[in-house]
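Subject: Handover of a structure, with notes on what was found

Dear colleague,

I am passing on the structure below, and my notes follow it. Please read them with the structure open beside you.

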Amino acid sequence: MRLTYTNSGLSLLALASNGVHKLWKWQQSELNPSGKSTASIVPQLWQPTHGALMSNDVNESKPAEESAACIALSKNDSYVMSASGGKVSLFNMMTFKVMATFMGPPPTATYLAFHPQDNDIAAIGREDSIIQIYNARLDEVIIELRGHQKQITGLAFSRTSLVSSGADAQLFIWDLIGWEEKKSRSIQSPPGHPSSLIGKTTVQFHNDQLHLLVAHESQIAIYDHQLECLRLWSPTAPSENPEVCSNRR
């Protein structure tokens, strides 16, 4: 259901439809001196000596393909937080042991992201359009962020802000200090589409922390860190060249 590389680049973590996690590791060797992920070396499936598996609480009332599977790794790769339509689970990546389970549905967790500077803080997007800022060490919700009209489908942290996206095709930017809303806007409609879009929207920051990739079924777009659209590619556009967004300043 979900795949993610660890931040170190040494492993690949998968979340299967049955709620079980699988971890593959690239080992340092003569053929792979760096020990980094590579297509030329097959990684090894790894699990701790006690044989326990990291398994999520699964919502049995929904088919696996309809469950909102989501996963996030802390920046130091020590913890993984994930959900498969049931409770959210927090696991220790070194031992595979569960550290906490919380937030039993409804509502279901639909997207997860760890704070970039604090491995104890995570953002949890839910199907009821609310974002919870959760302290894993204290096992408590710090604050709830409200503004979206449909379920949360994307969360991306930079060093200074959190950007959220939803099935309402809206983008919100939140300050990391007081968690206040700084700005919001609807994604731009490309030519040939309704002026008001809806649908799953995902976001990801570039490494420069200044540019944001926004993906929707109608487009792939580049925004700046103030949510100004810079370039937009659409499958309905007559040319392969990206459109310069109409709201660019």
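I begin with the lining of the largest cavity, whose residues divide into five nonpolar, two polar and one charged, where Ala, Val, Leu, Ile, Met, Phe, Trp, Tyr, Cys and Pro count as nonpolar, Asp, Glu, Lys and Arg as charged, and the others, Gly among them, as polar. This is a predicted model, in which local features need pLDDT of at least 70 and side-chain atom pairs count only at pLDDT 80 or more, while totals for chains, interfaces and linings use all residues. Residues are numbered from 1 along each chain as its sequence is written, and side-chain values use heavy atoms, with hydrogens and water left out.

The residues that line the largest cavity are His21, Lys22, Leu23, Leu45, Trp46, Gln47, Leu53 and Phe96. On a 1 Å grid over the protein atoms alone, a cavity is a set of points where a 1.4 Å probe fits but cannot get out, a pocket is an open set with protein on both sides within 12 Å along at least five of seven lines, and lining residues have an atom within 4 Å of a point. The largest cavity holds about 40 Å³ of space, a volume being the space filled by probe spheres set on the points, with grid points joined across faces, edges and corners. A search of the whole structure finds one cavity of 30 Å³ or more. Strand E3 (21–25) and strand E4 (44–46) each supply at least two residues of this lining, and the largest share, three residues, comes from E3; strands (E, at least two residues) and helices (H or I, at least four) are DSSP runs numbered from the N terminus.

By class, the lining of the largest pocket divides into 24 nonpolar, 13 polar and three charged residues. The second largest pocket contains about 210 Å³ of space, and of its 13 lining residues Ser8, Leu10, Ser11, Lys25 and Met94 lie nearest its centre.

Strand E9 (residues 109–114) is largely enclosed by the rest of the structure, because five of its six residues are buried, that is, under 20% relative accessible area, with exposed meaning over 50% and partly exposed in between (1.4 Å probe, protein chains only). E9 pairs with strand E10 (residues 121–126) in the antiparallel sense over five bridges, pairing being assigned if DSSP finds at least two bridges between two strands. A hairpin of six residues joins E9 to E10, and Phe114 stands opposite Ala122 in E10.

Some backbone details also deserve a look. Cis peptide bonds join Pro105 to Pro106, with omega about -5°, and Pro106 to Pro107, with omega again about -5°; Pro107 lies in the loop between E8 and E9. Asp77, in the loop between strand E5 (69–73) and strand E6 (79–84), has a positive phi near 65° and counts as buried at 13% relative accessibility. Asp139 likewise has a positive phi, of about 55°, but is partly exposed, with a relative accessible area of 47%.

With best wishes
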